[in-house]
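Subject: Structure for you to look at

Hello,

Here is the structure I promised to pass on. Please open it and keep it beside you as you read.

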Amino acid sequence: MTDGPKQDDVWMDHAIAIGRGGRPSPNPHVGAVLVKDGKVIGEGFHARAGEDHAEVSALKAAGGAAQGATLYVTLEPCNHQGRTPPCTDALIAAKIARVVIGFRDPNPHVAGGGLERLREAGIEVVTSVREAEARLLVAPWVKHVTLGLPYVSLKLALSLDGRIATRTGASKWVTGPEARVLVHALRARHDAVAIGIGTALSDDPRLTVRDAAGASPVRIVFDTKLRMPLHSRMVETAAEVPTWIVCSADAPSANEEALVTRGVEVLRVPSSAEGRLDADAAFRMLAARGIVTLMVEGGAELAGSILAGQLADELHAFVAPILLGPRGRPGAVDWAGPDTPTEAPRIADAQWELCGSDAYVRGTLQFPPRP
């Protein structure tokens with residue numbers, strides 16, 4: 001296989017596939033493949049912040065064979081000194097002949113120029129190969145560095161008639177065991193997982209990863225008045241799994257002191273006009289603390305605030321084949337909602353599948369333009 005547009009697409013697809021590996025947050029997922037004479041001589045991905053970038057990992061795998069090779073990399077190589085040296089310097093030193101890039105670096109906070117630096121060194125540079133797919137790989141990081149907000153996945157588990165609990169408040173379990181296993185896998189892919197205080201009080205969840213591979217994310221509770229019980233399972237395990245509580249500026253300081261002594265971090269943010277926490281301010285605080293990807297698991301008020309603020313990027317909904325009745329409480333989302341169906345947020349690229357006996361629909365959320 002030789003270089004060319006079709007071959008470039010094939011090798012970039014390979015780089016994107018391996019780029020999904022690792023847990024590099026707050027850095028982006030990046031994959032790199034070194035090809036010479038139609039064969040892979042080295043590949044790598046950015047496994048963790050502070051460790052080798054994908055390009056350097058691929059170079060180390062190839063060794064001296066890298067000279068004269070083509071590098072396929074999903075994101076423009078860095079040209080600045082961070083926790084690791086510039087990747088452009090490593091590529092030039094290895095005498096790479098050609099660099100094919102999927103997506104240009106959008107980070108406004110660093111001096112770019114990776115492409116220009118490579119071209120000045122006599123390296124052929126091709127850009128925007130499989131650009132849409134490469135951009136999707138770094139979508140959470142792009143939102144984080146350009147908007148100062150985390151990439152938010154909203155997860156809902158509901159009945160056919162849109163309820164998340166019975167009229168007595170019972171919610172375990174609306175969906176089946178297969179759905180719960182998948183939710184654990186989703187948790188493992190995020191930097192943090194969040195719930196509202198209502199869910200914390202009614203379910204006393206652990207919010208850890210138990211039924212899937214991967215580490216437990218930071219656990220966050222949105223708790224306006226700091227009502228989180230000291231005997232809750234999350235507070236009792238705060239020394240083992242990072243646990244943050246986001247509350248209002250006027251929440252009781254005595255409650256904060258009791259939680260902090262048990263290892264909980266308490267973060268204060270302004271309240272909205274409705275008396276809820278200002279979701280935008282809260283999310284910006286989380287992003288500033290290194291949360292790039294955030295999974296919100298409920299409850300209804302928190303989900304409503306996120307949708308009203310158009311802060312959710314993806315929706316993951318598990319619909320169980322049960323009916324909980326019109327007095328089931330509450331609805332899956334508590335918000336005013338749109339005036340007409342055409343004004344409703346919707347999944348732009350809905351993907352449906354069966355998860356045990358439940359229906360699972362997921363995809364990117366698309367909001368109508370703000371008036």
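The largest pocket has a volume of about 1,300 Å³. Two terms first. A pocket is found on a 1 Å grid over the protein atoms alone: it is an open set of points with protein on both sides within 12 Å along at least five of seven lines, and lining residues have an atom within 4 Å of a point. Points are joined across faces, edges and corners, and the volume is the space filled by probe spheres (1.4 Å) set on them.

This is a predicted model, in which local features need pLDDT of at least 70 and side-chain atom pairs count only at pLDDT 80 or more, while totals for chains, interfaces and linings use all residues. Residues are numbered from 1 along each chain as its sequence is written, and side-chain values use heavy atoms, without hydrogens or water.

Back to the largest pocket. Its lining has 46 residues, and T199, D203, E297, G298 and G299 lie nearest the centre. Which helix gives the most to this lining? α8 does, with five residues. Among the other elements that supply at least two each are β6 (151-159), α7 (177-188) and α12 (300-308). Helices (H or I, at least four residues) and strands (E, at least two) are DSSP runs, numbered from the N terminus. By class, the lining has 18 nonpolar, 12 polar and 16 charged residues. Here Ala, Val, Leu, Ile, Met, Phe, Trp, Tyr, Cys and Pro are nonpolar, Asp, Glu, Lys and Arg are charged, and the others, Gly among them, are polar.

Now the second largest pocket. It holds about 930 Å³ of space. L136, L137, P140, R189 and E314 lie nearest its centre, out of 35 lining residues. β15 gives the most, with four residues. α5 (131-137) and α6 (139-147) are among the elements that supply at least two each. This lining has 16 nonpolar, 11 polar and eight charged residues.

Last, the whole protein. It has 12 helices and 15 strands. The C-alpha trace spans about 70 × 45 × 45 Å along its principal axes. Of the 371 residues, 47% are buried, meaning under 20% relative accessible area with a 1.4 Å probe, protein chains only. Take contacts (heavy atoms within 4.5 Å) between residues at least 6 apart in sequence: 70% join residues at least 24 apart.

Best wishes

Conventions. Buried means under 20% relative accessible area, exposed over 50%, partly exposed in between (1.4 Å probe, protein chains only).
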